[in-house]
There are 2 protein chains.
Amino acid sequence: MKIETLRWAHNKLEMIDQRILPATFEYLSYDSAASVAEGIRSMVVRGAPAIGVAAAYGVALEALRLFASKPIPPLTPPLKEGEPIAIGISLAPFQGEGWGGDGFKTGMETGFTVLSQSRPTAVNLFWALQRMRKVWESVANQTPQQIATRLLDEAHEILAEDIRINRTMGAFGAELLADGARVLTHCNAGALATAGWGTALGVFRSAVEAGKKISVIADETRPFLQGARLTAWEMVQEKIPVTLITDNMSGYMMAQGEVDAVVVGTDRVAANGDVANKIGTYMVAVLARRHNIPFYVACPLSTIDMNIATGTDIPIEERSADEVKGFRDTHWAAEGVKIRNPSFDVTPAELVTGLITEKGIILQPDAKKLRKLFD
Amino acid sequence: MKIETLRWAHNKLEMIDQRILPATFEYLSYDSAASVAEGIRSMVVRGAPAIGVAAAYGVALEALRLFASKPIPPLTPPLKEGEPIAIGISLAPFQGEGWGGDGFKTGMETGFTVLSQSRPTAVNLFWALQRMRKVWESVANQTPQQIATRLLDEAHEILAEDIRINRTMGAFGAELLADGARVLTHCNAGALATAGWGTALGVFRSAVEAGKKISVIADETRPFLQGARLTAWEMVQEKIPVTLITDNMSGYMMAQGEVDAVVVGTDRVAANGDVANKIGTYMVAVLARRHNIPFYVACPLSTIDMNIATGTDIPIEERSADEVKGFRDTHWAAEGVKIRNPSFDVTPAELVTGLITEKGIILQPDAKKLRKLFD
């Protein structure tokens, strides 16, 4: 089954609503930077590479919207969870000013700002915005229509490139898995976290494509349950055997000798190889080391942030307490309890057996090896 | 607030229904071995010491029931989750046979069997049944009424003793916590897991009673959510500051320097000091070691099983897949996924900083130190 997490249709961006999977499979549509930013914030779309692609479309959509001079549409979809995004700036519709003039530029800058404030940890967001900004600057002298068309082409290219890169990473990563391997993964670094194929789950898909029989163990990944809802769903669709466990069971499974390797995705890798990923990844990595189980991180180059020296400097998003109180409308936590909800943690490079990139496997990553990768 | 997890009232055993806490606080009542066994299996009552106390009452209730020659009442409460207990034997009501004769004895043996099959991991269950059996044997020549009375007295004594022991352990354990300590706990080893006061949470209560300001970090403890529902609730009642996290966040909290100590309970300690406890305890212990955070286990002597050499031999219960698919009636897991649900794991003795017992603290427990404890 081909999963199109994001697609361009009817001159809009359509994204699978990942908050309601797997019970309901539904696309929501987006036609402005602000609505895409809200889709990212509320986790309609999630996963570092997918967020990057969404942000690129957000920029293109904003150019198209300003070009068409439409008023701002209401945010789609209506918010169900958490607080609305605090954009801190007013997003005035561009109306009546000359194209290519200050109004268009101001509108675009506002769009960039709103998108950049949607979520803090995944660097692909900033990487994609930077790439879109460069394109914008390169065509700044052209007509708004030409600018909008060029930005949309770039978003399409980022999407297509993401799938190509995942395929390349998948082929490299598949080499690391033995036939029959039982592989644990945390959260969802699948087709749903990317434009398609997936990073960690892309490795599994490529291994199966290469004729290997592997089976997957999926942590449920509280509080948003990406493992139980998304990874399990993707693997069931692919007919790859998958076993669901709660997050506190991976140590038991390793101690029982039921895990041969760990492959996860990442939201940002620092220049020294430290890996930020979904909360709980660090615990899995520490346990894997104790049991001498290889711990791999599937990581496109767009996820490596050479501007951040170590993981300590990676901003860690703290999300709404409501997510931890229960799930959706079901709340089970005792009234009056304080709640923490860090959404990511940092796994030090020393615990990483290898980074799987589109340029190959970087074993025991460190600052020197990562620098070389970008030379 | 005094929490009476189990109480004798109206000639029946009443137990707080822990499946529906904290939203609903309600007692269910039990009047036979079979109904108590079902209450244990379905986790109306849980926590090793509380299970032991419940089983003791189950034996006494069975004697009373046989003595009164009542028909078996329907199981209370109606099952909502999982499969009914597979008792594998028919529990025929004792009717019309001579007291003290074979009918009474057979009925009692059946009661012991049903209770012993309710849950496999917590040794307190078997410890309590053994203790009740000895009492029964010591009065076997007396009238059924005398036997029933004596067994009920013993159950009352086990309950009272449990609270006294928790208080003693609490005082010893409190010494281990510095003023201002931020202490992480997993699952619920509180008043709700015992006859009152608690083992791990008893240590926190005793520390506060001794004038120390401590704060608690509670793992939510999937899938049954004892941390979010029970530990958080108990600490809020006690006005002890408590912060709830998901199970995959404890590594992050430790890495941030926000955890000074870990205190957990246990369901069975092997003769070498290996500790079986709620699934996920092992992961917390491994992380605590990595961060040089002391890892303490509050453990009454009744939880130490000198007949089992190492943790490898402790039977680990696998519970219903339904528990992992979601919570209560809310299911979120993808259809078609396989599920594992081991309810406990084993933490090797080498990771245990100390056992907190009613005879004092056993630092770095091993076979020799535990043997000495029982000399």
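Me: In chain A, what share of contacts between residues at least 6 apart in sequence join residues at least 24 apart?
Reply: Keep in mind that this is a predicted model. A contact here means heavy atoms within 4.5 Å. Take the contacts in chain A between residues at least 6 apart in sequence, and the share joining residues at least 24 apart is 75%.

Me: How many helices and strands does chain A have, and what radius of gyration goes with them?
Reply: Chain A has 11 helices and 17 strands. For 375 residues the globule rule gives 21 Å, and chain A comes close to that, so it is as compact as a globular protein of that length. Its radius of gyration is 20 Å.

Me: What percentage of chain A's residues is buried?
Reply: To count as buried, a residue needs under 20% relative accessible area. Out of the 375 residues in chain A, the buried share is 61%.

Me: How far apart do the centres of the positive and negative side chains of chain A lie?
Reply: Lys and Arg count as positive, Asp and Glu as negative. Chain A has 38 positive and 43 negative side chains. The centres of those two sets are apart by 2 Å.

Me: Over which residues of chain A is the pLDDT below 50?
Reply: The mean pLDDT of chain A is 92, with 91% of its residues at 70 or more. One stretch falls below 50, though it still has 64 contacts in the model beyond near neighbours in sequence. In chain A, the stretch below 50 is residues 70–100.

Terms used. Residues numbered from 1 in each chain as written. Chains lettered and ligands numbered in written order. Predicted model: local features only at pLDDT ≥ 70, side-chain atom pairs only at ≥ 80, totals over all residues. Heavy atoms only, no water. Helix = DSSP H or I, 4+ residues; strand = E, 2+ residues; numbered from the N terminus. Rg over C-alpha atoms; globule rule 2.2 N^0.38 Å. Buried < 20%, exposed > 50% of the residue type's maximum accessible area, 1.4 Å probe, protein only. Charge placed at Lys NZ, Arg CZ, Asp CG, Glu CD. pLDDT = per-residue confidence, 0-100.
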